[in-house]
Amino acid sequence: MGAKIRIPGINIQHPWSELIVEGEKTIETRAYPIPGHLVNQRLAIIETKKNEAATIVGIVIFSHCYKYESLKHWKEDFPKHRVPATNESFAFSVEKPKWAWVISEIIKVPSQPGPAKKGIKYAKECEVLT
């Protein structure tokens, strides 16, 4: 049986969360740069699905981020972020800047209940069985 650790968490919608833990998605995209205090820090991946309870499915570390400056750049990075240019909610647009959060490490953990207190984007503390 693994150890329990307490770390902050980041909400990532399914199927993106699954692609990350399987190593198929190496960049998480957001509309803002990664907060400095989260760079090189372990974060629980809190997988969210519509009408289902959140679960913790992994641990991720982001090494740095960069801003997408053009649709061309976004499309060139598709194999890393896996978000189609046609995705209305998460794709690049000139009006909504996008940032690439580069994943430096991923650890898959057994699926387990999400934190009792989960914010819209983050959770301050998650108990994770590794």
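When I say two residues are in contact, I mean that they have heavy atoms within 4.5 Å. Hold on to that, and let's start with isoleucine 45. Leaving aside neighbours within four places in sequence, isoleucine 45 is in contact with Ile10, Ile12, Ser17, Ile20, Val21, Thr55, Ile56, Val57, Gly58, Ile59, Val60 and Ile106.

Before we go on, a word about the model. It is a predicted model, where local features need pLDDT of at least 70 and side-chain atom pairs count only at pLDDT 80 or more, while totals for chains, interfaces and linings use all residues. Residues are numbered from 1 along each chain as its sequence is written, and side-chain values use heavy atoms, with hydrogens and water left out.

Now, the nonpolar core. That term means a set of buried Ala, Val, Leu, Ile, Met, Phe, Trp, Tyr and Cys residues joined through side-chain atoms within 4.5 Å. Buried means under 20% relative accessible area, exposed means over 50%, and partly exposed is in between, using a 1.4 Å probe and protein chains only. In soluble globular proteins, nonpolar side chains tend to be buried together.

Which residues touch the most other members of the largest core? They are Ile10, Ile45, Val60, Phe62 and Trp101, out of 25 residues in that core. Two or more residues each come from β1 (4-13), α1, β3 (43-48), β4 (55-67) and β5 (99-113). Strand β5 gives the largest share, five residues. Apart from this core lies another, of eleven residues, including Ile7, Ala44, Ile59 and Ala123. By the way, the helices (H or I, at least four residues) and strands (E, at least two) are DSSP runs, numbered from the N terminus.

Next, please find serine 17 in helix α1, residues 16-21. Is serine 17 buried or exposed? Serine 17 counts as buried, because its relative accessibility is 0%. Not counting residues up to four places away in sequence, serine 17 touches Ile12, Ile45, Glu47 and Val57. With glutamate 47 there is a side-chain polar contact of 2.6 Å. A polar contact is a pair of N or O atoms within 3.5 Å; within protein, one must be able to donate a hydrogen and the other to accept it, and residues adjacent in sequence count only if both atoms are side-chain atoms.

Asparagine 11, in strand β1, is another one to look at. Asparagine 11 counts as buried because its relative accessibility is 9%. Its side chain reaches the backbone oxygen of glycine 119 at 2.8 Å. Leaving aside neighbours within four places in sequence, the contacts of asparagine 11 include Arg30, Ile46, Thr48 and Tyr122.

On to the aromatic rings. Rings of Phe, Tyr and Trp (its six-membered ring) pair if their centres lie within 6.5 Å; planes under 30 degrees apart count as stacked, over 60 as edge-to-face and the rest as tilted. How many aromatic pairs are there by this rule? The count comes to six. One of them joins tyrosine 32 and tryptophan 101, edge-to-face, at 5.6 Å centre to centre with 80° between the planes. Tyrosine 32 is in the loop between β2 (27-30) and β3 and tryptophan 101 is in strand β5, so this pair ties together parts that are 69 residues apart in sequence. Tyrosine 32 is buried at 19% relative accessibility, and tryptophan 101 is buried at 0%.

The charged end of arginine 30 sits over the ring of tryptophan 101, 5.5 Å from the ring's centre. For that label, NZ of Lys or CZ of Arg must be within 6 Å of the ring centre and within 35 degrees of the ring normal. Elsewhere, ring pairs link Tyr66, Tyr68, Trp74 and Phe92 into a cluster.

Finally, some backbone details. A cis peptide bond joins histidine 14 and proline 15, with omega about 15°, and proline 15 lies in the loop between β1 and α1. Asparagine 40 is not a glycine, yet its phi is positive, about 60°. You will find asparagine 40 in the loop between β2 and β3, and at 49% relative accessibility it counts as partly exposed. Arginine 82, also not a glycine, has a positive phi near 65°. The loop between α3 (78-81) and β5 is the place to look for arginine 82, which is partly exposed with a relative accessible area of 28%.
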